[in-house]
Amino acid sequence: MLLLFYTMPYICAMITEREKYLKYHSSTLAKKRRAARNAARRSMIKKYGKAAMKGKDVGHKNNNLGGNLSNSPGNLTVQSTKYNRGKDANLWRTSKKKGS
């Protein structure tokens, strides 16, 4: 009984996080963003073929973080998953260096 008392807040926190996750991913905005990403991938598969896209991501050259991703052909590139998913994680490194 004592164990249940200590684990209940953790379980309740997991449930509320799951509810937030489901609520966002079922929203109209999230659906539109997902559809745009899927359309970009389909267009690149049509251009390069499915075999060439295996293990690759479609990256946007003009990566507007506000979610307004342009799917024009000139804005799309085929990139490795490691590069594409990690390029925005280090934006803070591009700030002015000390002493310059």
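**Note on the predicted model: salt bridges, core and fold**

1. R85 counts as exposed, at 64% relative accessibility. Here exposed means over 50% relative accessible area, buried means under 20%, and partly exposed lies in between (1.4 Å probe, protein chains only). R85 forms a salt bridge with D57, and the closest N and O atoms are 2.8 Å apart. That pair links distant parts of the chain, 28 residues apart: R85 sits in helix α4 (residues 81-86), D57 in strand β1 (residues 56-60). D57 counts as buried, at 10% relative accessibility. A salt bridge here is a side-chain nitrogen of Lys or Arg within 4 Å of a carboxyl oxygen of Asp or Glu.

2. This is a predicted model: local features need pLDDT of at least 70, side-chain atom pairs count only at pLDDT 80 or more, and totals for chains, interfaces and linings use all residues. Residues are numbered from 1 along each chain as its sequence is written, and side-chain values use heavy atoms, with hydrogens and water left out.

3. How many salt bridges does the rule give? The count comes to two. Besides R85 with D57, the side chains of E17 and K20 meet in one, at 3.3 Å from N to O. E17 and K20 are three residues apart in helix α1 (residues 2-25), so about one helical turn separates them. E17 is partly exposed at 47% relative accessibility. K20 is exposed, with a relative accessible area of 53%. Side chains of opposite charge can pair when their charged atoms come close.

4. Which residues make up the largest nonpolar core? There are five: A40, M44, M53, V58 and L76. Such a core is a set of buried Ala, Val, Leu, Ile, Met, Phe, Trp, Tyr and Cys residues joined through side-chain atoms within 4.5 Å. Neighbours within four places in sequence aside, A40 is in contact (heavy atoms within 4.5 Å) with V58, H60, N71 and L76.

5. The secondary structure comes to four helices and two strands. From the N terminus on, the order is α-α-α-β-β-α. Helices (H or I, at least four residues) and strands (E, at least two) are DSSP runs, numbered from the N terminus.

6. Now the whole protein. Of its 100 residues, 13% count as buried. The protein exposes about 8,500 Å², and carbon and sulfur atoms supply 60% of that area. Accessible areas come from the Shrake-Rupley method with a 1.4 Å probe; for residues, only the protein chains shown count as cover. Among contacts between residues at least 6 apart in sequence, 39% join residues at least 24 apart.
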